[in-house]
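The sequence and structure are shown first.

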Amino acid sequence: MTKRFSLILVFSLALFACKKEPTSWSSNWAAPVVHGSLSLNDLVPSENLTTNTDNYLSIIYSDVVYSFSVDTLIDLPDTTFTQKTAVSLASVTVNPDFVYGDAYNQAYQLDQIELKRVIAKSGEVEMTIYNTWPGKVHCTFDFPKILDQGMPFSRYFELDAGSMSNPFLASNMIDMAGFDIDLKGVSGDLYNTLSGDIIVGSNETVNSYNITNTDSITYEISFKNLVPDYAMGYFGSYQFTDTIGIKLPFMDKLSGGSIQLDSLDLMLSIKNGFNLIAQSKITLVEGINSQTSSAVALSFPQLNNTINLNPASGGLYGFTASEYPISINNSNSNVLPFLENLSDSIVLGYELNVNPDGNTTAGADELFPGSTMDLYLDAEFPISFAANQLSLKDTFDIDYTSNSSITPENGTFTLSYNNGFPLEAMVQLELLDEFGNLLHVVPADNGVSPATYDQITYSSTPSNGTVIFTLNETIVADLESAKKIALNVTFSTENAANIKIQSAANFDFTLSSNLQIELNL
Amino acid sequence: MMSLTAFAQEPTYVFEDTINDKNLVKFSSYNTYSSNRFNNEFMDKFLFGGAIDQELKDNNAKRLGRMNTIGGEFEQRVDSYSPGINLFKKEHLGLKLSFSDNHYISSNIPTDLFNLAMYGNAGYQGDSLDLTFAHAQYQHYQKFSVGFFDERNLSSIQISYVAGSKAAEFGLSSSHFYTSPDADSVSLDLSGSGVMTDRFSPYWAFQGGGFAIDIDYNFIFEGKVKNRQIINFKINNLGAVFWNRLTNNYVIQSNTAFNGFDIQDFLNDDTTDTQIDLLDTLGITESTRRYVDFLPVELVVQKLPDNAIDQKWQAIYGFKTIMVPDYFPYLYAGAYYRPIDEFSVSSRLSYGGHAGLRMGLNFNYWVKDKLYFGAGTFDLLGLVSKKIGFGRGFNFAMYYKL
């Protein structure tokens, strides 16, 4: 009886024992992932798109390609002036009402630059005074030729008693932004010269003390980080020669194929925002495609010719830059092959001569607030082209971490589309590891078919279809190892013929998934 | 001899003669779970783990119908009978004290919900899956009972303090899940509510209190002794539990469609719409407050075998219902055979409850009018077969006269 009871009890306990392994089963789930409509407005800002007179789209571009500003022309170095002031007599009694004056006249060392006036955009001046007199003093610095918001700049210091071996120190850092500095000196016919007055007096109320001609008060004036906002004078004669590289990062995504453009109109302008005489020369414009290692140099009429740049007009409160336009089109240049090279970087060589004939304006060169010298591009790129296997590649980071409850086994992603662009596309996905090494190619069953194109009206009748990407067990098993996904899209126009894209062209799509997953409870 | 008092949930019940003067303590254990659609092979995967393959899914899916229920009752009980303590100055009314620990599970899984969970939605694109009347309920409570029993016909009435340990209940009314034919949109229309106590541990969590009344009455139809018929009438768990203020209450009311993320959000680097708040999306409103929950009221009417008559073979039959939405009326009929005074066996066929057709077998053994053992199952097939068994059950009882 007891044994029978024990068996029943053990059986009951076993029946309701804890689970030894998870409950698992596979199921198939379909869900939408992403949907939307893409047009050229999603690739190019709307302000850069326009419908041209032939009723198809053009990309317009108006912006500075290259620029240099004032700090290339004028560099005001950090400078410290140190001066001592002392009485001329062997011995003087300093009474409480004692006052002594001195003048300050110091020239800035600026090589060939001869500045008459500077309005500081930023910078600091540090004034430090060392008192060796055996009594209290006060010290006033007046700079009538430095205006701070229209008022002459001055500073007042009070110092305690010091000694030759242990002078008393007072210091002040002043922000010079907005300071209007007249550098013509006291006489008004100098340049690079800063002038002012120093008044030293006793700051004692009762006591007197004695000083000699060896008891000096030393003051240091340090100009730091000065950047001019406006300057007038002679800026010197310079020749700049440089070759610079301009990276076009968005072109990195083009990984292959070719494109044939129809026509192009560019206006390359050199804009001079300084009131000075200059000459410029464009020596090189070369496009480099690092994928194909091909380079195409742009040739146009003004290449390697000296261009005289007029000074800008206007004044401190407003100026108009002078412009020298250079027209580049199909007829006078090789701009089409230059662009069809699909360069991902441009090499620009130039020469710039400032004041090539020296100081011919009697020191009337000016730089204005915001003055720059720019290479300005104004272009219209009609979207009329033929593409043959033009490949775009973009890489995205992914970070997939498996979940113990839900394990993907295999599946498909289906792209259902309505393509309004007269371009066919082959799409390929690649899974890459953290080092960019290829792990798997996710195959597609076919490509995106092009819209039907009318060569006369340039309109397109959209095409519908689906593209299915298959993720088999092997690919899914490696998803955790994949750290990047590369999207390769290869475009071609039908028979590599020329097409023109209208503003109504859209690519409508829905990406949905059908995944077989294993649930583990 | 003292009779066995019926189990609160289900009788392994033999009516014995009424004359007695001894105290009696009885222990009983009633445990059963069953389903009217899902066989043991399938349910065991959830109980003990394992992989559910396509064949197992398909075999169970073929059986599904309008109601697909899984339920279970588990009661461990001790009763004490004291005939010497008379209530209301009536010599025939003795004191009955009881303690029981009860678990109750009841659920209905609509066919479309099973298919969605087991197969996914990919095979149902273009179809609207009906999730209406999905329901699941669990209660765990203890009863501390006091009452009296009639020594003449062994009827009893008890009132209980119910200590609520833990509970959860969720149900859906009109609810649907739809996947478009091209899987470019999925929509979920949910309407329902749910309740869950704050904690599910420890075992005796004591998160509520309530009361219950149990009535157990035996009608004795007298003829000649050997033709005496005993009809038992029982109402159990007439009461409620008042769960505490930390009980979580949920209301689900949502009509949500998902069409995928918009590519423009990614192009604009706008992650506002790419982050989903699940509770908000599903329209689930959560609040914390007290909740009143009725116990699973049980009604039983049955003919009992009578040990006081000479008949070796006796018919047994009965009806039971539990007032929950997933419980079908339970009917049984069978035979009771007592070849010798100390031993008897009964067998029954039953249909209903949370299950379909089942077969039961029970054994009783008496030792010198002092000791009793009973054991059996109402689901013999379930104990021996995974494929044709749709649940399992085991009952045990013993009493000792002091």
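Two strands are said to pair if DSSP finds at least two bridges between them. The model discussed here is a predicted one.

## Pairing between the chains

Strand E1 (residues 23-38) of chain A pairs with E2(B) in the parallel sense, over three bridges. Within this pairing, Trp25(A) has Ile52(B), in E2(B), as its bridge partner.

## The side of chain B that touches chain A

The contact between the chains involves 34 residues of chain B and 27 residues of chain A. On the side of chain B that touches chain A, at least two residues each come from helix H1 (40-48), strand E2 (50-52), helix H3 (111-119), strand E13 (261-262), helix H4 (263-267) and strand E22 (391-401) of chain B. H1(B) gives the most, with four residues.

By residue class, this side of chain B holds 17 nonpolar, 11 polar and six charged residues.

## An open sheet in chain A

Chain A has an open sheet of five strands, in the order E2-E3-E27-E17-E24, with antiparallel pairing. Strand E2 (49-51) and strand E24 (322-329) of chain A are the edge strands, and each pairs on one side only. On average, neighbouring strands of this sheet are turned by 20 degrees against each other, direction ignored.

Inside the sheet, strand E17 (residues 265-272) of chain A runs antiparallel to strand E27 (residues 372-382) of chain A, and eight bridges join the two. One of the residues involved is Met267(A), whose bridge partner in E27(A) is Asp378(A).

Definitions and conventions
Residues numbered from 1 in each chain as written. Chains lettered and ligands numbered in written order. Predicted model: local features only at pLDDT ≥ 70, side-chain atom pairs only at ≥ 80, totals over all residues. Axes fitted to C-alpha atoms, helices over the stretch in contact; angles between N-to-C directions. Contact = placed C-beta atoms within 7 Å. Nonpolar A, V, L, I, M, F, W, Y, C, P; charged D, E, K, R; others polar.
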